[in-house]
2 protein chains.
Amino acid sequence: MSKMTASRVLREEGGYSEKTRVKVMAEVERLGYLPNRIATVFSGDRSTTFVGVSIPDLGNEVFTHVLEGIDRKLVSFNHQTVLGMTQHELGEEENWIETVLSWKPAGLILTGRAHTPRAVQLLRSANIPLVEIWDLNSSPIDMSVGLNHFDSGYDMGRFLLSKGYARFGYVGTSHDAANAATSRLNGYAKAIEDGGGKLTRQLCLNDIPGFYPGFYGTEQLLSSDPDVEVIFFQNDNMAIGAVHFCQAQNIRIPEDIGIAGWGELPIASVLPYRLTTMQVNHLRIGQLAAENLLLKISGDTASAVSDVGFRLVPGDTV
Amino acid sequence: MSKMTASRVLREEGGYSEKTRVKVMAEVERLGYLPNRIATVFSGDRSTTFVGVSIPDLGNEVFTHVLEGIDRKLVSFNHQTVLGMTQHELGEEENWIETVLSWKPAGLILTGRAHTPRAVQLLRSANIPLVEIWDLNSSPIDMSVGLNHFDSGYDMGRFLLSKGYARFGYVGTSHDAANAATSRLNGYAKAIEDGGGKLTRQLCLNDIPGFYPGFYGTEQLLSSDPDVEVIFFQNDNMAIGAVHFCQAQNIRIPEDIGIAGWGELPIASVLPYRLTTMQVNHLRIGQLAAENLLLKISGDTASAVSDVGFRLVPGDTV
DNA sequence: CGGAGTTGAGTTACCGGTAACGTAGGTCTA
DNA sequence: TAGACCTACGTTACCGGTAACTCAACTCCG
């Protein structure tokens, strides 16, 4: 029996008799045969079922949610996630893009809209479906899914102004996921400026945006600037660190200081008060990115720009 | 110029003149040529630089740390992580194993020691380096990296007994990562039995092991069993949920109730007290697994069983 | 200066599938 | 019953690299 016949049976292409099918399947069973997908790809100059997904790091909970959304969707359409952690370095991203492209992925999902010139060139010449996520890119290389971080920062600033605050603080880190946090800070600063408030101090720690940096960042900011009235944090982890710092120091929230976070984490559900934050559907970003990518992969069209938006959670920490 | 000459130059195999090298590299530059790694693999019947990594889910923070440890190490040795989320289902794992093996990975890292019979058969016949992580397997298919969860549960039970507790509770979920949590519970129960205590109630919620299930699980357990003296939780997330429940209900810790978690999460660093927990170096598990795998991939030998151990953190919640 | 060794390059075959085409034998219809 | 058509299967070539081999030209040395 020729290998062509076996190939036809295995792909259920038709053009073979039931007797042949049974014979082929019996052999498959007997040999424990697993098709070599590498050869299939190679033969047709097709792409694999891999989708390269780059994220800045796994330590940040928001990205694990995004990644989960992506992978769940991909798996249900018989695709696999190839992980790339860029450590917030565009150079790392470039290296990873080059490597992963040489494996003929079906598509790519990149976190952030900033890439090195060579990375952009590689992506363009690879000519495969591509989604840039997280920070919405109105003129993406191919597609973009995310939200406008500047606007979300602006809205938070305006909300805090409406609460009567006049002296504002900010605590974030230089570990800035795809520059989105910087966009939020810029929006926040702009809103304060527009509203006649004063951004008295913005702290940029050289650390990861986690609980403890929020804790000691608050200490630093308050000791250098005791009359700041409200602090906007890079994310909820840092804000929760701040809340615990205040509890430890008997600083009352919101009477003595206002606290606002960003991103709404699951831990919010057990806190004794509602943290003022910005709700973002991280899982949805991942799912939508994967959906659009899969559409393009299968030859359909998908919207170039998808804004998942955000929702301000007033909370009671301001 | 023959493609063989170009191949030699690109692999820096030697056997070519400087003049030829320059000419080849100029062409590479001009064409924006990227080698097709698929063809390389195919040609030599080699494996790819992919390493399949299966984890139960990404929602559980401990696994993201393990994954981060794995990926960092793999990347530094020019390998890539292909993600597999098994959703705690062995059937899902089996499907994923079959798919990922057809792509000729360099090796596999699987979370948990339980697999379907067919999965084991596939793994054996694939005959590639394999590490089973998390729950230490003293007779692994190939290699194992992790810790003895039963022992860690036993130690926690013994510790709590030594604190004078007599009526014990447990709150966990059926969302049991690779059955490790069940091993911990079994160890805990055994210690209590050996020490003459009483495990009055063990609650197994049909939920994810997160903050909120810890919150309402505590409520459930305390309402059905008000005189339980100390509760051991499946993980720190749940324990922290419990702490917040107690704070909300003015139940004093540790005077009215003792709380013990497992796994030590970063949030512990900002809590107003030290949570009694079991410290496990998740990142180390990932790194060690990747290291051993890479050793085997490169043809060296690696230890079959690596115990990363655990350390009880007494804390002040008991 | 002839033969052996070295260097730089080309030629051929192959990996495991699949597209495209070929063909034997049967069926159907005018 | 001849020719058209279909069905089930086989044959050939190819994807893009690389191993293994060949070979021409040059170098070296007794």
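Visitor: In which sense do strand β4 and β5 of chain B pair?
Guide: Parallel: in this predicted model, β4 (residues 130-135) and β5 of chain B are joined by five bridges. For B:V131, the bridge partner in β5(B) is B:M143.

Visitor: Which other strand is joined to β5(B) by bridges?
Guide: That's β11 of chain B, residues 305-307, which runs parallel to β5(B) with three bridges between them. There, B:S144 has B:V305 as its bridge partner.

Visitor: And how many residues of β5(B) are buried?
Guide: Five of five, across residues 143-147.

Visitor: Switching topic: how many residues of α2(B) are buried?
Guide: Zero of its 14 residues, so α2(B) is hardly covered.

Visitor: Why does the span of that helix agree with what it should be?
Guide: Helix α2 of chain B covers residues 18-31, and at 1.5 Å a residue it should span 20 Å; its end C-alpha atoms are 20 Å apart. After α2(B) comes B:G32, with a positive phi near 60 degrees.

Visitor: Which element gives the largest share?
Guide: α3(A), with five residues.

Visitor: What classes of residue are there on that surface?
Guide: Eight are nonpolar, 11 polar and four charged.

Note on methods:
Residues numbered from 1 in each chain as written. Chains lettered and ligands numbered in written order. Predicted model: local features only at pLDDT ≥ 70, side-chain atom pairs only at ≥ 80, totals over all residues. Helix = DSSP H or I, 4+ residues; strand = E, 2+ residues; numbered from the N terminus. Expected span 1.5 Å × (residues − 1). Buried ≥ 20, exposed ≤ 12 C-beta atoms within 10 Å, placed from the backbone. Pairing = 2+ DSSP bridges. Nonpolar A, V, L, I, M, F, W, Y, C, P; charged D, E, K, R; others polar.
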